[in-house]
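Reader: I have a structure to study for class. Could we go through it together, please?

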Amino acid sequence: MTTSISTTTNVDNGVNATALLNARESLQQMPEAAQFKWRASCEWLNGTHSRSKIDNFFGLGAEQSRNKTFAVEADHPQVFAAEDNAPTPVELVLSGLASCLIAGIAAVAQRRGIQLHAVKASLEADMDIQGILGLDNDVRNGFQAIRVHFDIRADANQDDIKALVAQSQKRSAVFDIITNPTNVFVTVN
């Protein structure tokens with residue numbers, strides 16, 4: 001991580017911290033409104049290629065819709081006898097983790113009055129694919145380890161930048177999903 005010092009007093013990281021704090025205060029008064037249901041649907045295209053669609057969700061006590069539907073594709077590389085049309089699902093998980101942590105850094109920096117100039121995350125995860133290929137039942141199917149490295153340029157000292165990252169990690173939904181087990185219920189029609 002690198003830093004740069006400036007005397008800028010107006011901080012604009014593109015995060016409306018006031019609105020976030022107001023939402024937090026409102027949700028403290030009405031905790032039932034904090035119950036959200038995030039959704040995605042996924043359709044097989046061919047081989048290992050699929051397309052997920054993300055549009056509506058439930059939150060603030062009602063159905064919410066977005067301005068548009070988002071599409072995310074996944075596939076596997078040619079080394080797995082696939083067509084390599086898109087990132088693998090595990091790469092999308094890494095992307096989700098990076099995006100969640102960076103969003104948190106921007107929000108915390110805004111709240112703390114720290115002007116960001118650049119935030120980059122590089123992620124690397126170890127996986128022994130013997131598990132997913134069924135070659136060794138004692139090998140975990142998922143990641144054995146994930147490493148996240150940040151390069152952050154901001155009007156702050158190194159300790160303040162480390163504190164931004166720590167707070168983002170503490171509040172990251174994706175970090176929590178990856179590091180803590182959760183129940184997943186699968187049904188078939």
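Author: Let us begin with one residue. Ala121 touches Ala98, Ile102, His149 and Phe150, leaving aside residues up to four places away in sequence; contact means heavy atoms within 4.5 Å. This is a predicted model, in which local features need pLDDT of at least 70, side-chain atom pairs count only at pLDDT 80 or more, and totals for chains, interfaces and linings use all residues. Residues are numbered from 1 along each chain as its sequence is written, and side-chain values use heavy atoms, with hydrogens and water left out.

Reader: And where is the place of Ala121?

Author: Ala121 belongs to strand β6, residues 116-126. Helices (H or I, at least four residues) and strands (E, at least two) are DSSP runs, numbered from the N terminus.

Reader: How far apart are Ala121 and Ser99 in sequence and in space?

Author: They are 22 residues apart in sequence, and their C-alpha atoms lie 8.6 Å apart in space.

Reader: Why does Ala121 count as partly exposed?

Author: Ala121 counts as partly exposed because its relative accessibility is 25%. Buried means under 20% relative accessible area, exposed over 50%, and partly exposed in between, with a 1.4 Å probe and protein chains only.

Reader: New topic: what is the volume of the largest pocket?

Author: The volume of the largest pocket is about 2100 Å³. On a 1 Å grid over the protein atoms alone, a pocket is an open set of points where a 1.4 Å probe fits, with protein on both sides within 12 Å along at least five of seven lines; lining residues have an atom within 4 Å of a point. Grid points are joined across faces, edges and corners, and the volume is the space filled by probe spheres set on them.

Reader: Which residues are closest to its centre?

Author: Of the 42 lining residues, Gly96, Cys100, Ala173, Val174 and Ile177 are the closest to the centre of the largest pocket.

Reader: Which element gives the most to that lining?

Author: The answer is α2, with 13 residues. α2 spans residues 89-112.

Reader: You mentioned a cysteine. How many disulfides does the structure hold?

Author: The structure holds zero disulfides, a disulfide being a pair of cysteine sulfur atoms within 2.5 Å.

Reader: Are Cys42 and Cys100 exposed or partly exposed?

Author: Cys42 counts as exposed, because its relative accessibility is 53%. Cys100, at 22%, counts as partly exposed.
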